[in-house]
Amino acid sequence: MQSNQTSSRYQTALLVALLLTALQCVTTVQVQGAEAFGGVVRTDSTDQVKYKILYETTFVYDHAEPERNSDKGLSLLLVGESAALFEDYVAYQADSLWNDLRKKGAREEVIRERCEEQLSSAVTPFVSLSLLEEKRHIMQYDLSMAGAYRYEEPLPNQKWEITGETAEKAGFRATKAVTTFRGRKWEAWFSEEIPLPYGPYVFGGLPGLIVEMSDSTGTYLYRLSGILEPYPTELPIGLRHLPNIQTLPREKVRTVVENCHKDFFTAMGIIFNGGRDKIKVEIPYSPIELE
């Protein structure tokens with residue numbers, strides 16, 4: 001069972017950093033209360049949830065030993081009248097947990113501990129918000145102590161080739177379509193039995209819901225896991241509030257995320273022994289967009 005490894009790699013690197021920092025008396029780093037998780041504060045959209053679509057998500061970060069070096073979890077697609085949001089399912093659950101614990105009057109340290117525990121199994125490292133009527137897309141990353149970043153762009157579209165090949169996928173009769181999008185070749189199976197033109201991440205525009213999707217390298221795989229009814233107190237579709245988030249051009253945000261993987265400690269702003277010691281931790285990186 002290889003779930004939870006993506007966040008485990010980040011957490012291990014962070015734990016080592018904190019331990020070394022404490023031992024060498026360099027600096028002290030803290031998570032600033034439960035607000036770091038955003039909780040009920042949502043921005044950019046007040047659209048309400050009409051559909052909650054779950055995808056079993058598999059991410060292979062090292063193809064040399066794919067069975068050992070892969071993550072598996074759930075991603076969540078929230079669809080409303082004018083917006084769609086794609087994020088890790090446990091990250092969404094953490095927001096609901098934050099809200100519930102706050103209402104119950106739980107202490108800040110308890111909220112933080114519970115939310116950190118919830119987030120430890122996250123697989124999808126970003127939040128993607130598509131504002132459909134405005135044809136605008138917002139991508140947001142929370143890189144812990146390395147900061148929070150986002151970029152905005154026109155809503156990207158895909159040029160699909162519908163092959164006509166059919167098969168049963170996730171219990172539905174599905175049709176195969178292919179596209180090339182920002183450096184990756186994708187194969188998608190959509191079902192007209194579910195007449196929703198959506199799919200994982202920003203993918204969509206087909207005559208039915210994408211029920212299975214993978215890239216040609218086998219790095220990403222999404223399979224429909226379920227469609228849930230929204231509950232009356234469902235959080236609205238929108239990005240969680242993150243303190244001091246920076247909005248930068250797309251390429252600059254991509255560079256920041258890549259650098260965080262290439263040199264974790266430097267990105268976190270952690271200096272060892274007055275800068276005389278250089279300790280480098282590299283985290284496997286294979287972004288969903290290659291260009």
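1. Let's start with a location: where in the chain is Tyr201 found? Tyr201 is in the loop between β10 and β11. Keep in mind that this is a predicted model. Tyr201 is not a glycine, yet it has a positive phi of about 55°. As for burial, Tyr201 counts as buried because its relative accessibility is 4%, and the cut-off for that class is under 20%.

2. Arg182 is found in the loop between β9 (172-181) and β10. With 22% relative accessibility, Arg182 counts as partly exposed.

3. Now the overall picture. The protein chain has 291 residues, and 48% of them count as buried. Its secondary structure comes to five helices and 14 strands. If you take the contacts with a separation of 6 or more, 63% of them are between residues 24 or more positions apart.

4. On to the aromatics: how many aromatic pairs are there? The count comes to ten. One of them is Trp186 with Phe203, a tilted pair with 5.0 Å centre to centre and 55° between the planes. That angle is why the pair is called tilted: stacked would need planes under 30 degrees apart, and edge-to-face over 60. The pair links distant parts of the chain, with Trp186 in strand β10 (residues 184-191) and Phe203 in the loop between β10 and β11 (209-215), 17 residues apart. Both Trp186 and Phe203 are buried.

5. Ring pairs join Trp186 and Phe203 into a cluster with Phe59, Phe86, Phe126, Tyr141, Trp160, Phe181, Tyr201, Tyr220 and Tyr222.

6. Another ring to click on is Trp189. Lys169 lies over the face of Trp189, at 4.9 Å from the ring centre. Trp189 also turns up among the contacts of Thr175, which, leaving aside neighbours within four places in sequence, are Ile162, Gly164, Glu165, Thr166, Ala188, Trp189 and Phe190. Thr175 lies in strand β9 and counts as buried at 15% relative accessibility.

7. Gln158 is a polar side chain to check: is it buried or exposed? Gln158 counts as buried, at 12% relative accessibility. Its place is in the loop between β7 (148-154) and β8 (161-169). Beyond neighbours within four places in sequence, Gln158 is in contact with Thr179, Phe181, Val202, Phe203 and Gly204. The C-alpha atoms of Gln158 and Thr180 are 7.7 Å apart, although the two are 22 residues apart along the chain.

8. Next, the second largest pocket. About 230 Å³ of space lies in it. Sixteen residues line this pocket, and the closest to its centre are Leu132, Pro197, Tyr198, Val202 and Gly204. Val202 and Gly204 are also among the contacts of Gln158. Which classes make up the lining of the second largest pocket? There are ten nonpolar residues, six polar and no charged ones.

9. Last, the end of β12. Leu228 is in strand β12 and is partly exposed, with a relative accessible area of 31%. Not counting residues up to four places away in sequence, Leu228 touches Lys52, Leu54 and Tyr89. Leu228 and Lys50 are 178 residues apart in sequence, and 9.5 Å apart in space from C-alpha to C-alpha. Glu229 sits in the loop between β12 (220-228) and β13 (239-240). With a relative accessible area of 71%, Glu229 is exposed. For Glu229 and Tyr51, also 178 residues apart along the chain, the C-alpha atoms are separated by 6.5 Å.

Terms used:
Residues numbered from 1 in each chain as written. Predicted model: local features only at pLDDT ≥ 70, side-chain atom pairs only at ≥ 80, totals over all residues. Heavy atoms only, no water. Phe/Tyr/Trp six-rings, centres within 6.5 Å; stacked < 30°, edge-to-face > 60°. Helix = DSSP H or I, 4+ residues; strand = E, 2+ residues; numbered from the N terminus. Buried < 20%, exposed > 50% of the residue type's maximum accessible area, 1.4 Å probe, protein only. Lys NZ or Arg CZ within 6 Å of the ring centre and 35° of its normal. 1 Å grid on protein atoms, 1.4 Å probe; cavity = no way out; pocket = protein on both sides within 12 Å on 5 of 7 lines; lining within 4 Å. Points joined across faces, edges and corners; volume = space filled by probe spheres on them. Nonpolar A, V, L, I, M, F, W, Y, C, P; charged D, E, K, R; others polar. Contact = heavy atoms within 4.5 Å.
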